[in-house]
Amino acid sequence: MSVLSVIRLFAVVLVVAAGGITPAGATSGDTGTIAFVREVDEQGIWLVESNGSETRLTNGQDYRPDWSPDGRWIAFQRFDGGGSDIYVARADGAHLHALTTDGDNYHPSWSPDGTRIAFGHGSLREGEIELMDANGRHRLQLTHDQEQDARPTWSPDGSTLCVERGPAHRSDLYLVPVDGGAEIRLTRTSVHDQEPSWSPNGRWIVFARRRPEHAQDLYLIHPDGSGLRRLTHNRALDWAPSWSADGNQVVFTRARYQQQQELLVALTIRTGARERLAVSPAYELEPDWRPV
């Protein structure tokens with residue numbers, strides 16, 4: 001089933017208490033290009049336009065697409081031969097090549113100026129955050145702790161990364177200065193805070209919080225730790241949020257395993273309106289909104 005058909009059939013509007021965040025006049029459905037992973041049928045990274053048209057970008061076990069700031073390249077992680085490495089390709093699928101070749105590299109995140117990529121490296125228990133130039137050179141280990149660090153997201157000014165840190169099913173969010181300095185613990189819970197994404201204006205970080213009843217919702221928080229608010233309320237797993245370029249919407253994955261589906265949902269922050277962007281026999285997940 002095409003994304004356009006799904007929008008016609010399954011569009012819904014719900015209201016949540018999330019007002020006062022974006023300018024009045026924000027509307028749902030005015031989407032640009034979104035990169036996402038199709039996991040079952042025709043596996044790889046795909047692009048979907050606001051009119052519902054789809055383009056297949058890669059053909060492989062590829063995950064975690066991340067647009068370059070100029071919208072010309074997409075970085076992603078590829079599983080091949082038991083390892084995971086960081087690759088890049090142009091938005092038309094050309095010039096696909098690996099930036100790392102040593103394995104155990106994941107969750108790429110492009111710096112706002114397009115010169116560097118942050119990513120996770122290591123095992124699932126003791127991974128750290130590294131930096132490298134956009135061409136894969138000059139790798140530098142940024143974090144040095146005994147816990148798992150993963151899923152970096154850059155502040156818009158390029159000075160700080162927000163990362164998730166902690167053992168499986170019990171992590172918090174930390175702010176890590178890129179050029180040195182004291183780290184700041186942003187959240188402190190007994191649950192699992194993960195999947196941070198920094199808003200384009202730098203005022204908010206959206207993230208997923210796993211609840212004890214095995215559900216997961218999206219939350220917002222200011223980088224100074226204030227203003228915590230819950231965006232979604234359901235029994236599904238909401239994860240992998242990504243901001244639209246104007247900061248008005250967040251697209252994310254909603255997993256409903258009992259129904260054997262993962263779908264993409266766009267949520268308008270100011271109004272709480274939600275629009276399902278994809279439902280198909282395939283799992284569609286890990287969206288990333290083109291920044292321009």
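Please keep in mind that the model is a predicted one. It holds 3 aromatic pairs and 16 salt bridges.

**Aromatic pairs**

- Among the 3 aromatic pairs of the structure is an edge-to-face one formed by tyrosine 63 and phenylalanine 79, with 5.8 Å from centre to centre and 75° between the planes.
- This pair links distant parts of the chain, since tyrosine 63 lies in strand E4 (residues 61-67) and phenylalanine 79 in strand E5 (residues 73-80), 16 residues apart.
- The two partners can be told apart by burial: tyrosine 63 is buried, with a relative accessible area of 13%, whereas phenylalanine 79 is partly exposed at 36%.
- Phenylalanine 207 and tyrosine 219 make a stacked pair, with 5.9 Å between the centres and 25° between the planes.
- Phenylalanine 207 belongs to strand E17 (residues 205-210) and tyrosine 219 to strand E18 (residues 216-221), so this pair ties together parts that are 12 residues apart in sequence.
- Both phenylalanine 207 and tyrosine 219 are buried.

**The E4-E5 hairpin**

- Strands E4 and E5 form a hairpin, with 5 residues between them.
- In the turn, glycine 71 has a positive phi of about 75°.
- The strands run antiparallel and are joined by 5 bridges.
- Tryptophan 67 has isoleucine 74 in E5 as its bridge partner.
- Strand E4 is largely enclosed by the rest of the structure, because 6 of its 7 residues are buried.

**Charges over rings**

- Arginine 78 places its charged end over the ring of tyrosine 87, 5.0 Å from the ring centre.

- Side chains of opposite charge can pair when their charged atoms come close.
- Aspartate 149 is in strand E12 (residues 149-154) and arginine 165 in strand E13 (residues 160-165), so the bridge links distant parts of the chain, 16 residues apart.
- Both partners count as buried: aspartate 149 has 0% relative accessibility and arginine 165 has 7%.
- Glutamate 183 lies in the loop between strand E14 (172-177) and strand E15 (184-185) while arginine 165 lies in strand E13, so the pair ties together parts that are 18 residues apart in sequence.
- Glutamate 183 is partly exposed, with a relative accessible area of 36%.

**A salt-bridge network**

- Glutamate 195 and arginine 151 meet in a salt bridge of 2.9 Å, N to O.
- Here too the pair links distant parts of the chain, with glutamate 195 in strand E16 (residues 192-198) and arginine 151 in strand E12, 44 residues apart.
- Glutamate 195 counts as buried, at 6% relative accessibility.
- Glu195 and Arg151 are linked with Arg64, Glu164 and Glu286 in a network of salt bridges.

How values were computed. Residues numbered from 1 in each chain as written. Predicted model: local features only at pLDDT ≥ 70, side-chain atom pairs only at ≥ 80, totals over all residues. Heavy atoms only, no water. Phe/Tyr/Trp six-rings, centres within 6.5 Å; stacked < 30°, edge-to-face > 60°. Helix = DSSP H or I, 4+ residues; strand = E, 2+ residues; numbered from the N terminus. Buried < 20%, exposed > 50% of the residue type's maximum accessible area, 1.4 Å probe, protein only. Lys NZ or Arg CZ within 6 Å of the ring centre and 35° of its normal. Salt bridge = Lys/Arg side-chain N within 4 Å of Asp/Glu carboxyl O. Pairing = 2+ DSSP bridges.
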